[in-house]
Structures are given as C-alpha cells and as structure tokens.
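Have a look at the model below and keep it in view while you read. We'll walk through it one piece at a time.

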Amino acid sequence: MAERDHLQGPAWMRWTLIGLAVLIMALLLVLPLVMVLAAAFAKGMDVWFAALREPDAVAALKLTLFTAAIVIPLNAVFGVFTAWAVTRFEFAGKRVLMALIDLPFAVSPVVAGLCLVLLFSTSHGWFGDWLNAHGYKILFARPGIVLATLFITFPFVVRELIPLMQQQGGDEEIAARSLGAGAWTMFFRVTLPNIKWGLLYGVLLCGARAMGEFGAVSVVSGHIRGLTNTLPLHIEILYNEFNGTAAFAVASLLAGLALVTLVLKFWLEARHGDALAQSHRRH
C-alpha cells in the first residue's frame, strides 16, 4: 500500500493534474457542446423543429443514415474476417496488410476524397471511360459518398478485434475443429461469441465516425442540395449562408446522435468492461 501511495505522488500534484484535465475537457469539449445547444434552442423549440423539418435537412438526415446503414455492416463483416486472417494465419504480405489497415488513420480525409476523384471521375479518372460506357455514376452521387465513408471508417472495427483475438488465441477454435466442427460452425459457435463485445464496440465507433465524416465526403459529394449533402455538409452550407440558427439546430441533431453513441459506449464499458479491456491492452 505504501509503495502504491509513493507511486501516486503528492496529493497536491495529483489534484492539480486532475483539475487541469477537467479544465481542458470542459473548455475543449463540454463548453462548445453547450454553446451549440444554447444557440440551437435560442429562438425556441418551434424554430428548432422548423429547421429540422426543412426538406433539405430531412434529405441530409436520410442520406447520413443511409450511408451509415451500408457502411456499418460492411465494415463489421470486413473487420471480422480481416482480423481473423491476420490473427489466425501467417502469409506473405501480412505486414503490408497491417500497414494498409492503418492507412485511413494516416491519410487526410480530403486526400482520400481526391484519390476517389482520380479513380472515378468521368472526365479524367482511371475508370472514367468504363464508367461513361456503362452509364455508372460514382462521384457526386451516393456511391461515392459510401465509398469515401467506407475508406475512412474501415480501421475502427478491425483495430478493435485484432488485439482481442490475439489475446484470446486460437486454442478454443482448434479444439472445436478437432471435435469435428466445420469452419463456419466453429466461427459462429466459438469465434463470434468470444469477440461479440469488441465487435459491438468497434461498430459503435464506426457508426459515430460515419455519421460525422466531413472531409472525404465533401470532396466527392458535389454539395447538391437535397441529393448529396449529408448532415455535416448541410450544416456547413447553412452556416456559410449566415443561417446560424438552422445550422446550430441541425448541428444539435448531429450532436445528439453522437451522444447516443457515447451513452451506448459507456453502457458497454460498464456492463462488459473486462471483455472490452482485453481488446485495448495491446493498442
């Protein structure tokens, strides 16, 4: 006990550091959120509801949820099987694959969007001639928004699962196979139950980023009102048009979606903290 107290340091230092941390969090996170909510409701609930019922705002919300509904399941599936391949098999190029998994963390979202433009632009993209010949439209349409969001959010699920699966090892899976279970039976009866809470945690992070992504989506969307504007892009347009009340009202909706994700995250950590902690030990 004395050794632990010695490692903690003097009480004044501990409380000073805690106070600084709380102050920084309050200034950088809590205060901006409170100001957004205050500005959103400054002119009353009627004005707030009117801003959210506006057709362009409804279209932006639908597109945001549509994108998240596609991106989250795909990233969950890709993340599970990528983590399974990385943790259960040895193969040439494994280190390259691990580097590619982290690429969206290292590359600016705007650069990611520009890469998609170079690939899928119908005027000068690598696949432009083929897209024109077959009548497909990727940029300035929903497919481009989904692809950009997929790229940005891909690491969140797989990076939660790789440390967890490495920590657990493959002994239970080997035992299941030795008892005659097929690959899919082993996966659904052994692997998936062992990683379900880490998977759900990664899905929550992926969903939060998918709904709030701005940079990459801004490049590929074309900012077409009612068609290719997600909620973050719609907020930017409203703010640039000096429609501050509506911009803050829509921003409060987006913040509300983020807070729901945060509440679910806290619930997961409270109910299944031990299982989630295993997935963070090697981060």
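First, some ground rules. This is a predicted model, where local features need pLDDT of at least 70, side-chain atom pairs count only at pLDDT 80 or more, and totals for chains, interfaces and linings use all residues. Residues are numbered from 1 along each chain as its sequence is written, and side-chain values use heavy atoms, with hydrogens and water left out.

Let's start with helix α13, residues 231-240. (Helices are DSSP runs of H or I with at least four residues, numbered from the N terminus.) Seven of its ten residues are buried, so α13 is largely enclosed by the rest of the structure. Here buried means under 20% relative accessible area, exposed means over 50%, and partly exposed is in between, using a 1.4 Å probe and protein chains only. The buried ones are Leu231, Pro232, Leu233, His234, Ile235, Ile237 and Leu238. After α13 comes Phe242, with a positive phi near 65°.

Next up is helix α14, residues 244-271, which is where you'll find Phe266. Phe266 has 47% relative accessibility, so it counts as partly exposed.

A pocket is an open set of points on a 1 Å grid over the protein atoms alone, with protein on both sides within 12 Å along at least five of seven lines, and lining residues have an atom within 4 Å of a point. The largest pocket has a volume of about 240 Å³, where volume is the space filled by probe spheres set on the points, which are joined across faces, edges and corners. The elements giving two or more residues to this lining are α11 (183-212) and α14. Among the lining residues are Leu33, Leu204, Ala258 and Lys265. By type, the lining divides into eight nonpolar, one polar and one charged; nonpolar covers Ala, Val, Leu, Ile, Met, Phe, Trp, Tyr, Cys and Pro, charged covers Asp, Glu, Lys and Arg, and the others, Gly among them, are polar.

Notes:
1 Å grid on protein atoms, 1.4 Å probe; cavity = no way out; pocket = protein on both sides within 12 Å on 5 of 7 lines; lining within 4 Å.
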